[in-house]
Amino acid sequence: MTDRLPHNLRSDARDNRERIVAAAHALFAAEGLDAPMHEVARRAGVSPATSRWRTCFWC
C-alpha cells in the first residue's frame with residue numbers, strides 16, 4: 001500500500017500508517033464505518049492527530 005504514496009515517508013511514519021490502516025480495517029470490519037477514529041488511533045498505538053495525518057491521502 002505504501003508504494004502508492006506520492007512521496008517517500010520516513011520509516012517510522014510508514015510504520016505508523018501501516019498500523020493505522022490495519023487497525024482501521026479490523027475495527028471497521030467488526031463495528032462498521034461508524035467506528036470512531038480515536039478508537040482506530042488507540043488500537044494502532046498512535047495519537048488521534050497522527051491517525052488523522054497519516055490517513056490524509058491527499059497530503
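**Entry 1: Asp 12 and its partner**

I started with Asp 12, which comes out as partly exposed at 37% relative accessibility. I kept in mind that this is a predicted model. Next I looked for a charged partner and found Arg 10: the two form a salt bridge, with the closest N and O atoms 2.9 Å apart. Arg 10 counts as exposed, because its relative accessibility is 57% and the cut-off for exposed is over 50%.

**Entry 2: how many are there?**

How many salt bridges does a search of the whole structure find? I got four.

I looked up Arg 43 and found its side chain meeting that of Glu 31 in a salt bridge, 3.4 Å from N to O. Arg 43 sits in helix 2 (residues 37–44) and Glu 31 in helix 1, so this pair ties together parts that are twelve residues apart in sequence. Both ends are partly exposed: Arg 43 at 42% and Glu 31 at 48%.

Arg 43 also has a salt bridge with Glu 39, where the closest N and O atoms are 2.9 Å apart. These two are four residues apart in helix 2, so about one helical turn separates them. Is Glu 39 buried or exposed? I have it down as buried, at 15% relative accessibility. Through shared partners, salt bridges join Glu 31, Glu 39, Arg 42 and Arg 43 into one network.

**Entry 3: a look at Glu 18**

Last, I checked Glu 18, which lies in helix 1 (residues 11–31) and is partly exposed at 41%. From Glu 18 to Ala 44 I count 26 residues in sequence, yet their C-alpha atoms are 8.9 Å apart in space.

Terms used
Residues are numbered from 1 along each chain as its sequence is written. This is a predicted model: local features need pLDDT of at least 70, side-chain atom pairs count only at pLDDT 80 or more; totals for chains, interfaces and linings use all residues. Side-chain values use heavy atoms; hydrogens and water are left out. Buried means under 20% relative accessible area, exposed over 50%, partly exposed in between (1.4 Å probe, protein chains only).
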